[in-house]
Amino acid sequence: MLKRLWRYLQRYQLYLWGREVIAAIRRIWPQFRGGVVSLHAAGSPHGHVLISYDNHGLLCKMRGQPIPTSHPQFLKTIIMAQTFVDLGYDVDVIHCENQRFIPWKPYDIMVDTRLNLQRLQPYLPSTCIKILHCDTAQIVYQNAAEMGRMLAMKLQLMWRILAFFWRTLRSKPSCVRCARLLRCLWMNCVAGLRKRGRRPTTITRRRNLSVPIVQP
């Protein structure tokens, strides 16, 4: 029955247009990341503020749901918006990943944490105060630095494991052969690091044991 009705409706151009419009809305709507959340000051506002951060916490608050605690940016966005409202401004809050939003009103202040400040700059008046809320480093530098720290931690853990086995093998004369193999492995690791330009340093432990670690 439904298939017959669907075939019958396909004869009409209006139905085909409506179907395409609904499909387009379904594709585009997730890119708006919750749209715009508006907060209004009591009385006549002093101006308009646009905050581009994370409006998920405000959406949950408007729906009567608990504010998520999985990330501090939910609460930080609410506090920032409420601060401007208390100062007498009307506030519009969008998600920082919303790349579809275009201002339809002149804003006196804009706060952004990612790339919307640069994208929306042509649409903002020259008198608008633009604030960049930096909560991270440049993405290429941050990823490289984080990978370097992770590699240094893994190498330091490897040195500690090798030092533990070396101390254990030295205490047992029957394992002299294994101790020599472990010493060769140790020296090969140090030589490989020196070839890559990393300088091994030593930290003196108990029993006069020196454990090399790598400085990033």
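Modeller: Accessible areas come from the Shrake-Rupley method with a 1.4 Å probe, and for residues only the protein chains shown count as cover. On that basis the chain exposes about 15600 Å², with 60% of this supplied by carbon and sulfur atoms. Please keep in mind that this is a predicted model: local features need pLDDT of at least 70, side-chain atom pairs count only at pLDDT 80 or more, and totals for chains, interfaces and linings use all residues. Residues are numbered from 1 along each chain as its sequence is written, and side-chain values use heavy atoms, with hydrogens and water left out.

The chain has seven helices and seven strands; helices (H or I, at least four residues) and strands (E, at least two) are DSSP runs, numbered from the N terminus. In order from the N terminus, the elements run α-α-β-β-α-α-β-β-α-β-α-α-β-β. Of the 216 residues, 31% count as buried, where buried means under 20% relative accessible area, exposed over 50%, and partly exposed in between (1.4 Å probe, protein chains only).

Now to your residue. Asp92 is found in strand β3, and at 3% relative accessibility Asp92 counts as buried. Its side chain makes a polar contact of 2.8 Å with the side chain of Ser38. A polar contact is a pair of N or O atoms within 3.5 Å; within protein, one must be able to donate a hydrogen and the other to accept it, and residues adjacent in sequence count only if both atoms are side-chain atoms. Another polar contact, of 3.2 Å, joins the side chains of Asp92 and Lys105.

That pair also forms a salt bridge, with the closest N and O atoms 3.2 Å apart; the term means a side-chain nitrogen of Lys or Arg within 4 Å of a carboxyl oxygen of Asp or Glu. Lys105 lies in the loop between β3 (89-95) and β4 (109-112) and Asp92 in strand β3, so the pair ties together parts that are 13 residues apart in sequence. Lys105, at 22% relative accessibility, counts as partly exposed. A search of the whole structure finds one salt bridge.

What else does Asp92 touch? Not counting residues up to four places away in sequence, its contacts (heavy atoms within 4.5 Å) include Val36, Val37, Val49, Leu50, Ile51, Trp104 and Tyr107.

Some of these names come back in the nonpolar cores. A nonpolar core is a set of buried Ala, Val, Leu, Ile, Met, Phe, Trp, Tyr and Cys residues joined through side-chain atoms within 4.5 Å. The largest one has 17 residues, and those with the most contacts inside it include Val49, Ile51, Val91 and Val93. The elements giving two or more residues to this core are β1 (37-39), β2 (47-53), α3 (56-62), α4 (73-86), β3 and β4. The largest share, five residues, comes from α4. A second, separate core of nine residues includes Leu50 and Tyr107.

Val93 is in contact with Gly35, Val36, Val37, Ile51, Asn55, Leu58, Thr77 and Ala81, leaving aside its neighbours within four places in sequence. Gly35 and Arg100 are 65 residues apart in sequence and 9.2 Å apart in space, C-alpha to C-alpha. Arg100 is found in the loop between β3 and β4 and is partly exposed, with a relative accessible area of 43%.
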